[in-house]
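Student: Hi! Could you walk me through this structure, starting with how its parts pack?
Tutor: Happy to, let's look at it together.

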Amino acid sequence: MSNVSQQELMQVQQLFQQGRFAEAAAACRTLLRRHRDAPELQHMLAAALQRSGDAEGADRAYREALQGAPQSLPLLLDYGRFLRAIGRGAQAERRFRKAL
């Protein structure tokens, strides 16, 4: 995990839980400018973009998160579910297998 504080992560999670996905994505981007090596923030950004309907942005953020945390089980599973939801089942299957 990077040096992102628990308070910073909780602020983003709170926005996400309130359904304020665009604000959560903006908060992630702001934090990523200070914490460039933060796969957990990239993961949160991907989820926020996915929920706000930005599939292209979410895909990019998931891939960037995986560069920093290629073995993260929650990340692999979330990315697999995302890929399956957008009709990329074969790619989703590869992510699920990697999670095993």
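Tutor: First, a definition: axes are lines fitted to C-alpha atoms, for helices over the stretch in contact, and angles run from 0 to 180 degrees between N-to-C directions. Helices (H or I, at least four residues) and strands (E, at least two) are DSSP runs, numbered from the N terminus. This is a predicted model, where local features need pLDDT of at least 70 and side-chain atom pairs count only at pLDDT 80 or more, while totals for chains, interfaces and linings use all residues. Residues are numbered from 1 along each chain as its sequence is written, and side-chain values use heavy atoms, with hydrogens and water left out.

Student: Thanks! At what angle do α2 and α3 cross?
Tutor: Roughly 155 degrees, and the axes of α2 (residues 21-34) and α3 (residues 39-51) come within 8 Å. That makes α2 roughly antiparallel to α3 (angles under 35 degrees count as roughly parallel, over 145 as roughly antiparallel, 65 to 115 as roughly perpendicular and the rest as oblique). The crossing is left-handed, meaning the near helix is turned anticlockwise from the far one by less than a right angle; clockwise would be right-handed.

Student: Which residues make that contact?
Tutor: On α2 they include Phe 21, Ala 24, Cys 28 and Leu 32, and on α3 they include Leu 41, Met 44, Leu 45 and Ala 48. Contact here means heavy atoms within 4.5 Å. The contact residues of α2 and α3 divide into 11 nonpolar, one polar and two charged. For those classes, Ala, Val, Leu, Ile, Met, Phe, Trp, Tyr, Cys and Pro count as nonpolar, Asp, Glu, Lys and Arg as charged, and the others, Gly among them, as polar.

Student: What about the loop between α2 and α3: is His 35 buried or exposed?
Tutor: His 35, which sits in that loop, counts as buried because its relative accessibility is 11%. The cut-offs are under 20% relative accessible area for buried, over 50% for exposed and partly exposed in between, with a 1.4 Å probe and protein chains only.

Student: What does the His 35 side chain pair with?
Tutor: The side chain of Glu 8, through a polar contact of 3.3 Å. A polar contact is a pair of N or O atoms within 3.5 Å; within protein, one must be able to donate a hydrogen and the other to accept it, and residues adjacent in sequence count only if both atoms are side-chain atoms. Setting aside residues up to four places away in sequence, His 35 touches Asn 3, Val 4, Glu 8 and Leu 41.

Student: Moving on, how do α3 and α4 pack?
Tutor: Their axes are 8 Å apart, at an angle of about 165 degrees, with α4 covering residues 55-68. The two helices are therefore roughly antiparallel to each other, and their crossing is left-handed.

Student: And where is Ala 65?
Tutor: Ala 65 lies in α4 and is buried, with a relative accessible area of 0%. Not counting residues up to four places away in sequence, Ala 65 touches Pro 39, Gln 42, His 43 and Leu 75.

Student: What does Ala 69 touch?
Tutor: Pro 39 and Leu 75, leaving aside neighbours within four places in sequence. Ala 69 and Pro 39 are 30 residues apart in sequence and 6.1 Å apart in space, C-alpha to C-alpha. Ala 69 is in the loop between α4 and α5.
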